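Welcome! Take a moment to turn the structure around on your screen, and then let us walk through it together.

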Amino acid sequence: MSTLRYRRYDTVYLGAIGIIGALLVWELAARLRLADPVLISSPMLVAGALRGWAVSGALWRDLGTTLYELVIAIGASALVGIPLGVIMGWNRPAEYALDPFIWLLYSTPLVSFWPLFIIWLGIGANAIIALAFLFSIVQIVINTMVGVKGIDPVLVRCARSFNARAVDLFFKVTLPGALPMIVAGLRLALGRALIGVIVGELFSSNAGLGFHISFYGTRLQFADVFAGLFVIVIVGVGMSQAIRLLESRLVRWKS
Amino acid sequence: MLHIELKQIRVTFPQPEGGELLAVDRFDLQVQRGEFVTIVGPSGCGKSTLLSVVDGLVRSSSGQVHVEGMLVTGPGPDRALVFQEFALLPWRTVEGNIGLGLELQHKLSSRRIKELVLHYINMVGLQGFERHYPYQLSGGMRQRVGIARALAVNPEILLMDEPFAALDAQTREIMSVELLRIWEQDKKTVLFITHSIDESVYLADRVVVMSSRPGRVKEIIQVGLPRPRGLAIKDAPEFVRLRRHIWDLLEEEVRRQVDGKEDRA
Amino acid sequence: MKRWQRAWIGGLAVFAFLILWEAATPLGWVRVAGISRPTLVGGAFVQLAASGEIYDGLYISLKGFFLGFVLAVVIGIPVGVVIGRYRFLSMLLDPLLMAIYNMPKVAMMPLLVVWFGVGFGATVAVVLLGAVFPILVNTAVGIREVDPVWVRAVRSFGGSEWDVFKKVLLPGSVPPMMTGIRLGVGRGLLGVVVSEMYASTEGIGHLIGLYGMSFRITELIAMVGVVSLLGFVFADLIRRLEVWVSKGRAEVQW
């Protein structure tokens, strides 16, 4: 079976069949009452909820809020995280000094910082952005550091043999060499930032996709909750695909 | 006219377990302007280290290198390195790589750099590949880029660190013919490291044979073969004789190295 | 010598951080109510430990975590192996899996508390959901990327499909599997804390939420410290396990 050959378009339509099949099973389960339709809703109901959400205009407000928080958080992470990663990759004592903090942040369930952010920054977008920032920055720092350290030393020797200035060494060798790792880090960081934003909105806010889910969840209107999850999936997949596109453009020089 | 002078060069490297490794010891050499000198030696004899010292990338523990009477303290525009690993920036095209050295020197306008790059692309025979990335080139073509990049900064001395070691045998021969063709045009001073005896004789005015570690000068051999040379010269009796002679010298060194290891074991 | 240097500089940096934190309030940079002080936090930690509050919370949280995580491993690895082995299945399920993989599972909290009950049930469910997909997907990738030459070698000596599984595919895909498990542990711990903070009356996450709402920063930070330590210990254990299982392999990745 595994030796069968598949053509390129097979992945597309088989994948589509997979998704449609799953939706069909879900719809049938609800129609045939294999599970309580109140609890599992159904694809048709979710589509209706999605439509209502969009028509009311609330979808665009919620989506806008979430995207805004996401973009600010990831932007701040990149702004702080990339230089930090470069420093750690270049300077060994700096790496050793920051290492315990990075490791701690990488392994801690970062939501536990949420009450602190609420106390420091108040309920609202600021605390959410701070949480998402914390979620994403570690990944960016680690990837940047690994990227900088992974640069072929012979390229650095080559630049040095041409008497390269430190600035040139950085912008013409270090940065372009580390770029693929940095962009991959951004892609992973986006996924983590999305978790941060959604959790923050889930806990306390008055707008955003997480808020939508939490609001209808407590009212047991699960079609609306699923609609919210659907939009979150679209945001997550869309953003990671966008960065993948950027990645493939940036690393055209790789075989 | 004396161009490069190495006096009593000694290089040591600190070892991770402590202690020091003596890589090169009491190395003396004088190279005349326009001379093509090759250095052969058993692997690990410190020949690449020696080249880095001449370039200024590595500091000798004692002894001095003078270029045109000036003490070498670091890399300079009068010397350019060609690397065994090619050391091309994978994200730059052929053009971009050849222009790298000129860019890093910040002396010329980007238009002038472009003109020069074009000139050297023609010189090494890479017309039509200007926009190719390194991964799209064969090994031989990559090293042509490496050579063009070194030549582009118009150095007085070309330092070549086993530049053809990563190439297959046939490409290697073609590249050494090409190198001589390019060298004949303006006869720069060349220091060329290799572990191929054939290559060392074919290219050189003088061959320096190094001892095994610590690297010292074992013997310097004058190559009297006429120039310009074609591959046919490898059949000349004089070529065969020199090759035989160097082979004997190196065999002695390799044996000594192996015996030394066995003694310790 | 290098390892020694790493520990020394790292320890010094942490110490410097604690000193700065301690000194920030007396020097008037911030109010003590805002960031507390390490000595106060240390005291609160001892108190919470002495009163047993920490252990009770940890017990509840870890129970939920382990049940959910074990389920995730038990489901994730076999399903991952099957999906990785059969091209047809992976083509069928890839887009679906990718969509779910990309969704923060903690967003399902409002559903899970109704489906599985507030507290323990929802916690187990969110840990399972969070951990199972990284394990499953990485296992599948590992199986798929095992060098087919090895499979051919076993086949050519008359090995059966079961031999191929046991002798080539499973051992060959251990490193990516471990990556999945490492990611799964992180997602699982996150799930525990979110679940307990979102709606529960016990566990470490609940305590964090409680101290947060009553603005008791010192106890709050002590609790955050407990959770951080837990994450750190888990991550370290996994890293050791990874080194151990990949002993003798060429690629040791953390």
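Among contacts in chain B between residues at least 6 apart in sequence, what percentage join residues at least 24 apart? The figure is 71%. Please keep in mind throughout that this is a predicted model.

Let us stay with chain B for its overall form. Chain B contains 8 helices and 10 strands. Along the principal axes, its C-alpha atoms fill a box of roughly 60 × 45 × 40 Å. A compact globule with 265 residues would have a radius of gyration near 18 Å, and chain B, at 19 Å, agrees with that. Of the 265 residues in chain B, 41% are buried.

Now look for the open sheet of 4 strands in chain B. Reading across this sheet, the order is β2-β1-β4-β5, and the pairing is antiparallel. Its edge strands are β2 (20-32) and β5 (70-71) of chain B, each of which pairs on one side only. Further in, strand β1 (residues 2-14) of chain B runs antiparallel to strand β4 (residues 62-67) of chain B, and 5 bridges join the two.

How enclosed is α1(B) by the rest of the structure? Because 9 of the 9 residues of α1(B) are buried, the helix is largely enclosed. Its buried residues include B:Lys47 and B:Asp55, along with B:Leu50, B:Leu51, B:Val53 and B:Val54. Just after the helix comes B:Gly56, which takes a positive phi of about 100 degrees.

Another set of strands in chain B is worth a visit. Strand β9 (residues 206-210) of chain B has 4 of its 5 residues buried, so this strand is largely enclosed by the rest of the structure. One of its partners is strand β3 (residues 36-40) of chain B, which runs parallel to β9(B) and is joined to it by 4 bridges. Within that pair, B:Ile39 stands opposite B:Val208 in β9(B). β9(B) also pairs with strand β10 (residues 217-222) of chain B, this time in the antiparallel sense and over 5 bridges. Here B:Val209 stands opposite B:Glu219 in β10(B). The link from β9(B) to β10(B) is a hairpin through 6 residues.

Next, let us see where the two chains meet. The contact takes 19 residues from chain B and 16 residues from chain A. On the side of chain B that touches chain A, helix α3 (residues 100-105) of chain B gives the most, with 4 residues. By class, that side of chain B has 14 nonpolar, 3 polar and 2 charged residues.

A:Val148 lies in helix α7 (residues 125-149) of chain A. Is A:Val148 buried or exposed? A:Val148 counts as buried because there are 22 C-beta neighbours inside 10 Å, and the threshold for that label is 20 or more. Leaving aside residues up to four places away in sequence, A:Val148 touches A:Gly85, A:Val86, A:Gly89, A:Trp90, A:Thr174 and A:Ala178. The C-alpha atoms of A:Val148 and A:Arg187 are separated by 17 Å, and these residues are 39 residues apart along the chain.

Methods:
Residues numbered from 1 in each chain as written. Chains lettered and ligands numbered in written order. Predicted model: local features only at pLDDT ≥ 70, side-chain atom pairs only at ≥ 80, totals over all residues. Pairing = 2+ DSSP bridges. Buried ≥ 20, exposed ≤ 12 C-beta atoms within 10 Å, placed from the backbone. Contact = placed C-beta atoms within 7 Å. Nonpolar A, V, L, I, M, F, W, Y, C, P; charged D, E, K, R; others polar. Rg over C-alpha atoms; globule rule 2.2 N^0.38 Å.
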